Amino acid sequence: MGCSMGKSQVPPQKCNRVSISVPAATAIRAALLIQRWYRQYVARLEMRRRCTWNIFQSIEYAGQQDQIKLYNFFGFLMEHFTPGSSERNLISHIFRENEICRDAEWERYFCYKSIEVPDSYTGPHLTFPMTFCGVSKLVEAFKHKQQLHARYVLQILGETWRLLRMLPNINHVSVHHTQQITICGDLHGHLEDLLLIFYKNGLPSPEKPYVFNGDFVDRGKNSLEILLILFGFLLVYPNDVHLNRGNHEDHIVNLRYGFTKEVLVKYRVHGKKILKLLQKIFSWLPVATIIDHKVLIVHGGISKTTDLNTIAKVDRHKYVSALRPPKVTQPAADGSKPQAVNDEDGGQVECRRRVYSLTYPSSAKGQRNQPSRRSLHNVPFSSHQVNWSVEEELKRRRRQAGFDQSYGEIRTSDSDSDPDFGEATETDEHEWKQLVDLLWSDPMPQNGCVPNEVRGGGCYWGPDVTEEVLERHNLQLLIRSHECKQDGYEFCHDRRVLTIFSASNYYEVGSNRGAYIRMGADLVPHFNQYQASRTGRELTLTQSVGWTERSALRALREQLFVHKSDLISAFQEFDPNNTGMISLSYWASATETVLKLGLPWRVLRSQLVNSNKHGMVDYMRWIRELSITEPKLEISDTSILETMYKNHSNLETIFRIIDTDHSGLISYEEFHQTWKLLSTHLKMEISDEAIADLAQSIDFNKDGSIDINEFMEAFRLVDRPAHS
């Protein structure tokens, strides 16, 4: 029975099986479809990332250009207005870089002994000479957000100044077979990045030498803490810690990018002394490091004229600000005092400006008056570029002072009363250019050497220049910083130029990784990457790109908003019938014409502007719908508001300059003079009534003075979605 029942069982059917056989060809096609989709997804993500990167970088470089243009304008005022003029007096102190020039006077001025440390102070107590234990305590204190007392700050800075004066312009380092040297790029006030490097790599010591390649300050919130840590280790291990100067180790740049404000907020009583001593320290920082005669480390880069032998002999502390070129005068044939050089149009030109055009000739003379981007080396500043009101004012003041219109005679007459502007030689100009190139230049993929008109300073140099300069000095690798890279580092020029950037999350959380280099006796660089922000580490690639993209578009919308009047005028040129509609192509062209950011507007337009089914843009509606919240202040003149938005950073820079006592307060009269300086720089008219109206609207407590920080914050634009 059992056997028969077993034979009669129905065999299992195929349909009850869980898996279904699929032909191999179909599986391969499916895999290829998935692969193609993934590649397209990654390509779209990469395109978004590059567009985001371009937005951040273009806005950053445009700000640097504004800074240089403003400083050049101040230099023009200093050299053309008479010594007693109010405009000149407002800004003259930023050019007096050697107010206290004798070492003994510096020692007395920065003496810390009269500063008492109260019993209530809970921060670290330091002893001098500095020891490894002392610097370690300093690192731990800053890690826990403690503040060092001003007495100890001045002691560290004073000791650092004395040490730096003994160092050469170019540090020469040797790497032993048993050790590796660590090279760090820009830190920009990101203390968490420095602490992470020390955690992963170890603290500086004779066994772990370090090179820090400039740009320690600005942008981040802890620039001073980074300086104090680095200076502390430099004092303990002067042969094993090497600091190169960056373009942000410059008191003029610090006015715009936050370091000046940081110091004054943290040290309200002694901040001015700290800043003055830091000016001196920055000018004494070495400008290059060479490892084993083969690897050159500079902050920015090189140019076709870079000569390390010349750089080694430069009196580097003369250049307190690298933005300040020396005056070059030409003696007359009869041996008389130097006169100004005339340009080809018959106008008076500053001699140092003529040198720029000789150093980096402009491609076309006709481009002189175009509002294109300009470089420190090629800014022709002739008299016809200044608006008529300024030119007439110059003539009037010269007549009142009894001077002829000749620039040379003006300088001869007041040279005794104005020691800030002595005569310089062609050698000074050549030395200055060498330093500017080291601090400001960037590499480019094409051969050649051209002015860096994107940043406004230094040059762009190509692979041929790299090869020529490295071969001439028997070097094999150039390590530089100065540019943020998404992965923290990047090779170019056939791997003979290496960029290293150590500030992670530079533009936004997740925007980039930081990196540092470890190099042994074989001089082969090994990279270590990191993300200092825990939030950034936890983001997926898609989340990271989305986060930074939103931040970049928010910054770009602010730029569009503050230029809305110029944009409307540009749009109307493409709309002769006043229909209020233009094509997307015209929208992109007009937007680039106004903002000059060099962005791919046609790629970005889907995220910035909506069009109808015919591909047309209602530009007036688009301007109204820009998601920006304006401050709610009663200002009768709306044009002054737009000027305020557009020149927010320039205005703050002028405020910081005028606030000579660093109190954070300026009077109505100083406020009025600030706006007059800005209007002259912008070549536009702003009425006294509009300025007075603005001052009264912002003087909240009606005490006759204006708080700079409150004023700047009151006019800060806010993205509506983020605000809500």
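Which residues does His242 touch, not counting residues up to four places away in sequence? In this predicted model, they are Asn171, Val173, Tyr210, Val211, Phe212 and Thr289. His242 lies in strand S4, residues 241-243, and is buried, with a relative accessible area of 6%. The chain averages a pLDDT of 79, and 73% of the residues score at least 70.

**Confidence**

- Where pLDDT is low, the predicted coordinates should not be read in detail.

**Nonpolar cores**

- The largest nonpolar core has 61 residues, of which Leu148, Leu157, Phe212, Phe216, Leu228, Leu243 and Leu278 touch the most other members.
- Elements that give two or more residues to this core include helix H5 (132-143), helix H6 (150-164), strand S3 (210-212), S4 and helix H11 (271-284).
- Helix H8 (223-236) is another of these elements, and the largest share of the core, eleven residues, comes from H8.
- Another core, of 39 residues, lies apart from it and has Cys484, Leu556, Val609 and Tyr619 among its members.
- Phe216, from the largest core, touches Leu187, His188, Gly189, Ser223, Ile226, Leu227, Leu230, Leu243, Asn244, Glu249 and Leu285, with residues up to four places away in sequence not counted.

**Aromatic pairs**

- The count comes to 21 aromatic pairs.
- Phe132 and Tyr237 form a tilted pair, at 6.3 Å centre to centre and with 55° between the planes.
- Phe132 is in helix H5 and Tyr237 in the loop between H8 and S4, so this pair ties together parts that are 105 residues apart in sequence.
- Phe132 counts as partly exposed at 35% relative accessibility, whereas Tyr237 counts as buried at 15%.
- The pair of Phe574 and Tyr586 is stacked, because the ring centres are 4.5 Å apart and the planes stand at 15°.
- Phe574 sits in the loop between helix H20 (564-573) and strand S17 (581-583), and Tyr586, twelve residues apart from it, in helix H21 (residues 584-595).

**Strand pairing**

- Strands S15 (residues 514-519) and S16 (residues 525-530) pair in the antiparallel sense over six bridges.
- Met519 has Pro525 in S16 as its bridge partner.
- Five residues lie between the strands of this hairpin, and Leu523 takes a positive phi near 60° there.
- An open sheet of three strands has the order S9-S11-S10, with mixed pairing.
- Its edge strands, S9 (442-443) and S10 (449-451), each pair on one side only.
- S10 and strand S11 (residues 459-461) run antiparallel and are joined by three bridges, with Pro451 opposite Cys459 in S11.

**Annotation**

- An unreviewed UniProt entry places the feature "domain: EF-hand" at residues 562-597, 646-681 and 686-721.
- Over residues 562-597 the chain is 64% helix and 8% strand, and the end C-alpha atoms are 14 Å apart.

Terms used:
Residues are numbered from 1 along each chain as its sequence is written. This is a predicted model: local features need pLDDT of at least 70, side-chain atom pairs count only at pLDDT 80 or more; totals for chains, interfaces and linings use all residues. Side-chain values use heavy atoms; hydrogens and water are left out. pLDDT is the predictor's confidence in each residue, from 0 to 100. UniProt positions are given in the numbering used here, feature names are shortened, and annotations may be inferred rather than shown by experiment. Helices (H or I, at least four residues) and strands (E, at least two) are DSSP runs, numbered from the N terminus. Buried means under 20% relative accessible area, exposed over 50%, partly exposed in between (1.4 Å probe, protein chains only). Contact means heavy atoms within 4.5 Å. A nonpolar core is a set of buried Ala, Val, Leu, Ile, Met, Phe, Trp, Tyr and Cys residues joined through side-chain atoms within 4.5 Å. Two strands pair if DSSP finds at least two bridges between them. Rings of Phe, Tyr and Trp (its six-membered ring) pair if their centres lie within 6.5 Å; planes under 30 degrees apart count as stacked, over 60 as edge-to-face and the rest as tilted.
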